[in-house]
Amino acid sequence: MGSEWASVTRTVAISASLLVFSWPSLSLLWLGTRPSFPLLTLVFVLLIGAIVFFWGRVENPSGLDLSAHAAIRVAFAALSAAIVLYALERWVRAMLYNPYRADMLIVLREATRRLLGGGDPYGTYHAYDAPWTTVLPYGPVLWGPFLVPQMLRMDLRVITIIGELFVPAWCGIAATIEAGRGRVASAVAWVMLLAVVVISIDLPQFTLMGHTPVYWPLLPLFAATVTRKRWLAAAFTLGILIAARSTMVTLGPVLLMGIWVHDRSRTTAAFAIVAATVLALLLPFIIWDYRTIWDGMVASYPRIMKQIVWTSTDRGAINTIGVTGWLLAHHWERLVELTQAATMAAVYGLAWGRIRRGASPLPWMGLSLLCFSLTTLWSVYYIYFDVLFLFVAAAIAETLHGRLRLKAAFLTLVVTAMVVLATTRLMAGPYPTVVVGSPAAQQLLREGLAGGGQDGARQYALATGARAAIALPRSSTATADILVQCRPFDGRGVESQIVTAILNGQLLWAARLQPGWQTIRFAAPRSVWWIGFNQLELQFSPVSLGNSGDDPRRTAVAISRVDVAPHESESRIQ
């Protein structure tokens, strides 16, 4: 019983740390105000510090009492699956109905497109949906998996969702295993942690911009190799993580400390494996053009942070969990890097002392990554997912006795991918229809459409400016026709309306509308569509003031519905 309650306490503490991390979003949602970030930072650090210092080894039973606890086990498995499927539905819906929310996925889209076209992915980018200059700052293990959806013309966030679901799925597996052992309290704690993990990902709408989930499945594998003291396998996995995100290098010194204490003869080999793995993955791009990869992965980050993020008036770098925001708020920018160096030296010193006395290196790796994140040039909220999920992964590894192996992880990824694709197919369909004036379509109207009305049995919305955008979620990339039922403004003395149609940034069609309701039809080739989110943009010229009623808004056209239909050989106006 004592071992079970130690496990429960640890799991509940990790859940609490996730809730503290999520508090900025929860505070805005529940209270309508931002929290005190220095106070939040203090609570967060104290909580993680307590988890690390009181980690200890929890002895979990290795077997299952299948006959005695079958019903309980099934109940926890069903509950866990329900939570995971709930998250899946929300995240797929967010993907289908919303564009990318930040530049990270846009850069990955452009980089993978450039590489498939024979170009160097490391360079400077300009994109139609990110009107600013960007570079690729990530290693090939992060952006490499996105080549698959790029080649399949799939929304890149399919990879995001698969990665997001991996850790929750294994939380559910841990709950089911604990229920099978008769440890109901521990199983309840794991289900609670599963729910909190899902909430923490869901709150900031991370799915709409998430890129780091691509390597999250490696965290439980890494934790399992460390738990089982498979040091060379751990070194190899860490090398892969570093080649995804350079911040993972902070785990290296702690891993080597653990190897030195537990199996000194393997220290040199482990260091060589980490270095060789990173070098092997980066070397082709270094040879290709060392200047661009240096600028993208090393030089650009401090330059952008200091010149753009630190000077921004939205306090984006200040309103963050971490020390950096507090220093910037007091205009002590010159102390940021010095603070990081001193903090990392202190945490490595503490880790060495504790590991020499028998502590597990895993929680100290989490603390080192936390301290780096707290003191980095921009403690943007999503970097703490890596920290927190490393603690979750460590707890999963100990609950499973380190038996989360590559085969099981691969099977989880395959099943998750199949479920994500099936859900996308079910929720989108190959030929979507948007009844623009109906309440159900409001979530698909991206911008430029407002109000509504009814003309007989026909519902419509008004394009109130020179541009309107509509989401067309789709589960196919086959060439299709887009049909738009619309009516131009027909006020006295108004020129006839010219409409230009653009899909996902590519011009498809332009023509002059006739008076009255009509259906315009134009083709959209396979090369333009994505499985997932697609945005149809309609541009109008000229735009008139007022309409045939008393509405004083600038009105271009009324739009009744948009249909995606099987392709016909010739586009036409009906």
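## Second largest pocket

The second largest pocket has a volume of about 840 Å³. Of its 33 lining residues, those closest to the centre are Pro 217, Leu 218, Leu 221, Leu 406 and Leu 413. A pocket here is an open set of points on a 1 Å grid over the protein atoms alone, where a 1.4 Å probe fits, with protein on both sides within 12 Å along at least five of seven lines, and lining residues have an atom within 4 Å of a point; the volume is the space filled by probe spheres set on the points, which are joined across faces, edges and corners.

The model is predicted, with local features needing pLDDT of at least 70 and side-chain atom pairs pLDDT 80 or more, while totals for chains, interfaces and linings use all residues. Residues are numbered from 1 along each chain as its sequence is written, and side-chain values use heavy atoms, leaving out hydrogens and water.

Helix 17 (406–428) gives the largest share of the lining, 6 residues, where helices are DSSP runs (H or I, at least four residues) numbered from the N terminus.

## Helix 12

Helix 12 (residues 267–309) has a kink of about 120 degrees centred on Asp 289, the bend being the angle between axes fitted to the seven residues ending there and the seven starting there.

## Ile 321

Ile 321, in the loop between helix 12 and helix 13 (323–329), is buried, with a relative accessible area of 5% (buried means under 20%, with a 1.4 Å probe and protein chains only). Ile 321 lies 63 residues from Tyr 384 in sequence and 9.1 Å from it in space, C-alpha to C-alpha.

Terms used. Helices (H or I, at least four residues) and strands (E, at least two) are DSSP runs, numbered from the N terminus. Buried means under 20% relative accessible area, exposed over 50%, partly exposed in between (1.4 Å probe, protein chains only).
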